[in-house]
Protein chains: 4
Amino acid sequence: MERKEQNTDNTVEPHDHKDRYLRVDAKRNNCALLQSALTVFTTSGVDAPIREIAKQAGVGVGTVYRHFPQRSDLILAVIGQEMDNCAEAATTLTAKHAPGEALALWMQTYVDFILSIPGLAAALHSSDPAYEALTESFDSHFIPILESLLHAASNAGETCPNISSTGLLNAASSLCLKITNFDPAVARDLVSLLIDGLRYRSYINQQSSK
Amino acid sequence: MERKEQNTDNTVEPHDHKDRYLRVDAKRNNCALLQSALTVFTTSGVDAPIREIAKQAGVGVGTVYRHFPQRSDLILAVIGQEMDNCAEAATTLTAKHAPGEALALWMQTYVDFILSIPGLAAALHSSDPAYEALTESFDSHFIPILESLLHAASNAGETCPNISSTGLLNAASSLCLKITNFDPAVARDLVSLLIDGLRYRSYINQQSSK
Amino acid sequence: MERKEQNTDNTVEPHDHKDRYLRVDAKRNNCALLQSALTVFTTSGVDAPIREIAKQAGVGVGTVYRHFPQRSDLILAVIGQEMDNCAEAATTLTAKHAPGEALALWMQTYVDFILSIPGLAAALHSSDPAYEALTESFDSHFIPILESLLHAASNAGETCPNISSTGLLNAASSLCLKITNFDPAVARDLVSLLIDGLRYRSYINQQSSK
Amino acid sequence: MERKEQNTDNTVEPHDHKDRYLRVDAKRNNCALLQSALTVFTTSGVDAPIREIAKQAGVGVGTVYRHFPQRSDLILAVIGQEMDNCAEAATTLTAKHAPGEALALWMQTYVDFILSIPGLAAALHSSDPAYEALTESFDSHFIPILESLLHAASNAGETCPNISSTGLLNAASSLCLKITNFDPAVARDLVSLLIDGLRYRSYINQQSSK
DNA sequence: AATGAATGAGCGTTCATTCAT
DNA sequence: TATGAATGAACGCTCATTCAT
């Protein structure tokens, strides 16, 4: 109603009144939302009420739903870049290391990624349908990658062949679940232990087939 | 509601009867409650509404709360026997098998136990305070046992020594968490893979120390 | 907490403190709920928020849901007696009047019943699934009755035979829908007009078959 | 968004072009809006979310509100032509048929019109203020017409005189309300039954006045 | 003039927990 | 001691409406 001022005096900050609207571009708001979501996920878990995320971001719940109709959408938006980085790491590691080592290192990369987002592991193991898309996205992204790494290591005789890549991927995130006295180092070690198990089985198979 | 007193012993004063009767009633309630809780836990998981358990048992919710103020109390009461069985299995297995094999077999026993109660794995990894006592009870029961099995296997040179028993125990239950396309056989295999990892490390250590 | 008074002075009202609890029997509460529901239905329509009904009754929403899981249940409870009265009227009217007249009079009875509960007509024509049970209950109660009345009148040659009893019943409640400047007398007259239409068709049929 | 100006007449000053262009744009928007609204009304009923209509038309919700501040305005704009057609039908029918028949046929025309727009009948009987203007418009359009038809038929002795034209008009739309197992044919028949009722009353009156 | 992002009140519903009886 | 009625906070979600751009 009262917005005709057309302030020509540029020394006064123009974003004085209703500063929420002066920088209303969705992108900025979107960023704030992602920041807030990360904060809230960290604080209250990925199953935090949408209201809490909205409040933290200083927006209405409708805004959150507008940008991210499903909870999974919000999570995926928060971690999208990290997912890509993690996926690309497989290529790099394969190029630089022996197949078994590449496999082991990528699993550590994956674990570090999961651990870097508090509550992500829990979301991946939730039975809530709201997380279905998240799980599916993870599966479609990472299972082929792990499958490929497993084949390479197996073909090189460094690990045993008969292992479910789906199972192994889920195992890795399972081991990242926060519990009392949770220690990330232990989670990492347990994942490497799984790979060592594959190596052991390969060794045993070779022994017995002699 | 209107239960006839099948009293054949008329010599005892009636007040006593009532007392005894009430005690029997309470006991029966308690038993029915545990039975019902097991049924409901099996059907709907350990996070089923208290009301559902009370209804199944034919008692009021207040009765459930009276006997088991915390959900953990109820769960522990229901699975107490199985916990004991699982704990005792360690002794039996140790007596019958080589230390490494005993360790591996007990881990499978533990996994089977966890898997037999839907939602138990999730409860053990829940951050809900209602499950705190449950987690603590599991830790105090099973960590010493696993510690002992690990030491024995390690001393026998069958597995490597440096492993967190707490971490390994949690790993086992983590791998039992239900996910899409969950397959108990895969869970069991992954747990055995962890033990194989310990064997591999022991083998590697022996090789390098030669 | 503070409830030991055990007032022996009966001149003072004993339901002083926490009077909600002193007469906590479900029946009474149930009555209050039904009263409140009727009031709210009258004020805000049968599609009023459950919260509003609960507030009017001075109870929590959970209490409403406990007694009446579906909105239809609440409505049916409010009008149950009137439904029965209306159904029984058919018998009385049939005994005292000629078939055509009985039909006409019962339709008026039905209309008066619908009109006596503000918003009821709207509920019967809502597409909201919450009202499905209500509609079904009405159909199963009244369609057989109307069918019977129609047959009798038709057999007596007072009305024409080919008419949908379902359609006619719905027509009666449709005509009771509140609109601007709604006049109950007009609603009643229109329903009687429908019956007169049946009479006209019967007359025409008789003429043409001569 | 970036539309090329197909300007072949370069003699006219460009500013004018822009003006004209904008007007054309606005007009097209308006037309698209009405088309889309009709589509959405037909698909989802006249109570469809404004957003759905805007989306279908490819415009923002603000544009819809600008052109049609009230939902009634939009509905009336969409069905304006049909309303006129329906009104004009009265003239045609009156010219071609006997008064009673013209009345009956126009009622059928009116019913067909109402039935052609899903949800229209419900809107006409809604207590939502958003539909108030719609109801008023219907009343001011059609009541005089029906009044006239009724008078003519009544004067010709084909129907009885004492009937509320407002009531009868509302009755017709009431009978078009969708219900479970709704059958348009039944709705039409019931409306014709009302007219037959008027005929019956006229006949009875004539008999008794002899 | 057109846009559509933002708002936030409001709804139905669940369920852990309390406490008068 | 047992009961279960009552509570009410909390959640996911929708959508009419506003208004800065």
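View 1. B:Leu193, B:Tyr200 and B:Arg201 contribute 25% of what chain B buries against chain A, more than any other three residues. Chain B brings 26 residues to the contact and chain A 25 residues, contact meaning heavy atoms within 4.5 Å. This is a predicted model, in which local features need pLDDT of at least 70 and side-chain atom pairs count only at pLDDT 80 or more, while totals for chains, interfaces and linings use all residues. Residues are numbered from 1 along each chain as its sequence is written, and side-chain values use heavy atoms, without hydrogens and water.

**View 2. Salt bridges between chain B and chain A**. Four salt bridges cross this interface (a side-chain nitrogen of Lys or Arg within 4 Å of a carboxyl oxygen of Asp or Glu). B:Arg201 pairs in this way with A:Asp196, their closest N and O atoms lying 2.7 Å apart. On the side of chain B that touches chain A, helices H8 (165-174) and H9 (184-209) each supply at least two residues; helices are DSSP runs (H or I, at least four residues), numbered from the N terminus. H9(B) gives the largest share, 13 residues.

**View 3. Surroundings of D:Leu190**. D:Leu190 lies in helix H9 (residues 184-209) of chain D. Its relative accessible area is 4%, so D:Leu190 is buried (under 20%, 1.4 Å probe, protein chains only). Beyond neighbours within four places in sequence, D:Leu190 contacts C:Ile163, C:Gly167, C:Leu168, C:Ala171, C:Leu194 and D:Leu175.

Technical notes: Chains are lettered from A and ligands numbered from 1 in the order in which they are written. Buried means under 20% relative accessible area, exposed over 50%, partly exposed in between (1.4 Å probe, protein chains only). Buried area is the accessible area (1.4 Å probe) that two parts lose on being put together, summed over both.
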